[in-house]
Amino acid sequence: MASARPFARLRAGPRSSPVELWCEDALTGLPRRLPRGSVDVVVTSPPYNRRVAYRSYSDDRPRAEYLAWVRDLGAAVAGVLSDRGSFFLNVGGSPSDPWFPYDVAREVGRTFVLQNVIHWVKSIAIDRRAAGRAAGLDRDLALGHYKPLVSERYLHGALEYIFQFSRRGDVPLDRLAIGVPYQDKSNVARWRSGGSDRRCRGNTWFLPYPTIQRARRDRPHPATFPPELPEWCFRLHGVSRVRRAVDPFVGIGASAVAAAGLGIPFTGFEVDRGYLATTVQRLRSEGVARDPRPVPVAPGRARPTRTAARPSSRSRGDSSS
Ligand SMILES: C[S@@+](CC[C@H](N)C(=O)[O-])C[C@H]1O[C@@H](n2cnc3c(N)ncnc32)[C@H](O)[C@@H]1O
């Protein structure tokens, strides 16, 4: 039977915003814990069905079953998202399965309109000559991290997608909230947003993982996104228009940390108690919690969820630069 109490209920961030974390299957938890239409932004990265070695979740289903589950996820999100809400869905492919992100997007597209496709660039090489003299580079740059791939046919995967879905494809966005300064200042007066020295960043977001020394200690989860990713999604939607944000697959809490940092009330779901315990720890430190009051629940040992956990050599976390 589902617990009536969250794993943790606490206040975090500079504005002491409420955070609620449920150790529960998101597809049943979303309609059970949240009133219809009460959520303005959902930002999440689901398991990609790539045999990632999570602590307890078994990331390995037949493709058709997985895609049917994604369809159900879309319907569950639709039940709680407000009329003018945004559903940001981060999905990555693998070099040998390039259709995967589009297959996932198609399933969610049965319920929502695909409003924007954002490319999350994790690593990029910038040639000094292409950057131009104004950039002032004295050498070519290679920035960020990727998972090295030994192959004669495939390139390293240095990119994932962030699909922004909405009900009708007409949600207004605060594009300049994550805008960038004009390189050529004569554009400041030329364009409509003139005067602010900011232009829309566009649909390529360079968000590298921070360099880490020891993966087990510094990133105790095999498939995270950096907190800047959900932060930019919240800012793009418009922070003042977010009454509540939700991550159905909270992992070790990047989205919770980002929401707390911006003063946005947040609800997260995760089937693994160990990951949720790490999320609470992060909210206490990175989330600059002023008044953390987690419900005292012992982290406990990982319990298998769908099927028994299987060791896997595959990981979604990137490692090289
Ligand atoms: C890709 S990870 C999310 C990582 C997260 N974005 C972060 O940065 O830490 C997906 C997570 O979903 C969890 N999970 C899998 N199935 C779930 C379900 N039905 N409901 C809730 N969580 C689930 C897994 O344990 C895993 O931690």
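Residue numbers start from 1 along each chain as its sequence is written. Because the model is predicted, local features need pLDDT of at least 70 and side-chain atom pairs count only at pLDDT 80 or more, whereas totals for chains, interfaces and linings use all residues. Helices (H or I, at least four residues) and strands (E, at least two) are DSSP runs, numbered from the N terminus.

An open sheet is formed by nine strands in the order E1-E2-E11-E10-E3-E4-E8-E5-E9, with mixed pairing; two strands pair if DSSP finds at least two bridges between them. The edges are held by strand E1 (8–12) and strand E9 (204–206), each with a single partner strand, so one side of each has no neighbour in the sheet. On average, and with direction ignored, neighbouring strands of this sheet are turned by 20° against each other. Within the sheet, strand E3 (residues 39–44) and strand E4 (residues 81–91) run parallel and are joined by five bridges. Val41 has Ser86 in E4 as its bridge partner.

Helices also lie on the sheet. H2 lies across E3, E4 and strand E10 (245–247), and runs at about 145° to E4. Angles run from 0 to 180 degrees between N-to-C directions, and axes are lines fitted to C-alpha atoms, for helices over the stretch in contact. Helix H7 (residues 228–237) packs on the sheet as well, where H7 touches E3, E4, strand E5 (113–121), E9 and E10 and makes about 150° with the direction of E3. Contact between two residues requires their C-beta atoms, placed from the backbone, to lie within 7 Å.

Two packed helices are described by the angle between their axes and the distance between the axes. H1 and helix H2 (residues 63–80) pack at about 15° with axes 9 Å apart, and are therefore roughly parallel to each other. Angles under 35 degrees count as roughly parallel, over 145 as roughly antiparallel, 65 to 115 as roughly perpendicular and the rest as oblique. The crossing of H1 past H2 is left-handed, a term used if the near helix is turned anticlockwise from the far one by less than a right angle, with right-handed used if clockwise. In this contact, Leu27, Leu30 and Pro31 of H1 meet Asp72, Leu73, Ala76, Val77, Gly79 and Val80 of H2. The contact residues comprise seven nonpolar, one polar and one charged. Ala, Val, Leu, Ile, Met, Phe, Trp, Tyr, Cys and Pro count as nonpolar, Asp, Glu, Lys and Arg as charged, and the others, Gly among them, as polar.

H2 also packs against helix H3 (residues 100–108), at an angle of about 45° and with axes 8 Å apart, which makes H2 oblique to H3. This crossing is right-handed. Leu67, Val70, Arg71 and Gly74 of H2 meet Asp103, Val104, Glu107 and Val108 of H3, giving four nonpolar, one polar and three charged residues.

The axes of H7 and helix H8 (residues 254–262) come within 8 Å and cross at roughly 45°; H7 and H8 are therefore oblique to each other. H7 passes H8 in a right-handed crossing. Pro230, Glu231 and Phe234 of H7 and Ala254, Ser255, Ala258, Ala259, Gly261 and Leu262 of H8 make the contact, with six nonpolar, two polar and one charged residues.

Around the ligand there are 22 residues, of which Ala26, Thr224, Phe249, Gly251 and Ala254 come nearest. A residue is near a molecule or strand if its C-beta atom, placed from the backbone, lies within 6 Å of it. Helix H1 (26–33) and strand E11 (266–270) each supply at least two residues of this shell. The shell divides into 15 nonpolar, four polar and three charged residues.
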